[in-house]
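Subject: A structure for you to look at

Hi,

Here is the structure I promised to hand over. Have a look at it first, and then read on for what turned up.

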Amino acid sequence: MPTSAGGHLTEILQLQELLDASEHLFVTEDLPLYRQLMQGRPCRFIRPNGRNRDWVFWCNFVVNWLLAVPILLRFRPHAIVTTGSHTAIPFCYLGKLLGCKIIFILSFCRISSKAAAASAVYPIADLFFVQWEQMRSGYPKSTYVGPLF
């Protein structure tokens, strides 16, 4: 784990080299900030689920299942790497049906409590990484990797 700003810059450059050397597609929620951050990158946008479990959440959740189908069929990924949220669930399950490897990275902010999306994807994940050692008790087949920034 890097201990200096230079170390973080090295990791960012390595990630950029990996992205440059591989075909990839970002899929994220359709929010103004994400549109700005994704400019110039291969990206598809889906409906944001938000935090509340109201009827809008459930409508968007269903719509995202429908949006995931053409995205996955067009792009045909070998692997899906996700940090979760409910937008990831349809992509992980449909991707698994299409033969994708599922790699889940539990959020750094999950120190002592499980996440709903993580718990939903955990049974089908090929690799499941946690960033806090104590989270291994909630996800026994996970791999502790420490902080990933």
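How many aromatic pairs does the structure hold? There are nine aromatic pairs; rings of Phe, Tyr and Trp (its six-membered ring) count as a pair if their centres lie within 6.5 Å, and planes under 30 degrees apart are stacked, over 60 edge-to-face and the rest tilted.

Before the details, a word on the source: this is a predicted model, where local features need pLDDT of at least 70 and side-chain atom pairs count only at pLDDT 80 or more, while totals for chains, interfaces and linings use all residues. Residues are numbered from 1 along each chain as its sequence is written, and side-chain values use heavy atoms, with hydrogens and water left out.

**Rings**

One of the pairs is Trp-58 with Phe-61, edge-to-face at 5.7 Å centre to centre and 85 degrees between the planes. Both residues sit in helix α3, three residues apart, about one turn of the helix. (Helices are DSSP runs of H or I with at least four residues, strands are runs of E with at least two, and both are numbered from the N terminus.) Trp-58 is partly exposed at 46% relative accessibility, whereas Phe-61 is buried at 14%; buried means under 20% relative accessible area, exposed over 50%, and partly exposed in between, with a 1.4 Å probe and protein chains only. Ring pairs also link Phe-57, Trp-58, Phe-61 and Trp-65 into a cluster.

Tyr-122 and Phe-128 are both buried. Lys-141 lies over the face of Tyr-122, 5.2 Å from the ring centre, and the charged end of Lys-114 sits over the ring of Tyr-139 at 5.0 Å. For this, NZ of Lys or CZ of Arg must be within 6 Å of the ring centre and within 35 degrees of the ring normal.

**The sheet**

Four strands form an open, parallel sheet in the order β3-β4-β5-β6; two strands pair if DSSP finds at least two bridges between them. The edge strands, each pairing on one side only, are β3 (79-82) and β6 (143-144). Between β4 (residues 101-105) and β5 (residues 127-130) there are three bridges, and Ile-105 stands opposite Phe-129 in β5.

**Two loop residues**

Arg-76, in the loop between α3 (55-75) and β3, has a positive phi near 50 degrees without being a glycine. Ser-85, in the loop between β3 and α4, also has a positive phi, about 85 degrees. Arg-76 is partly exposed at 48%, and Ser-85 is partly exposed at 32%.

Happy exploring!
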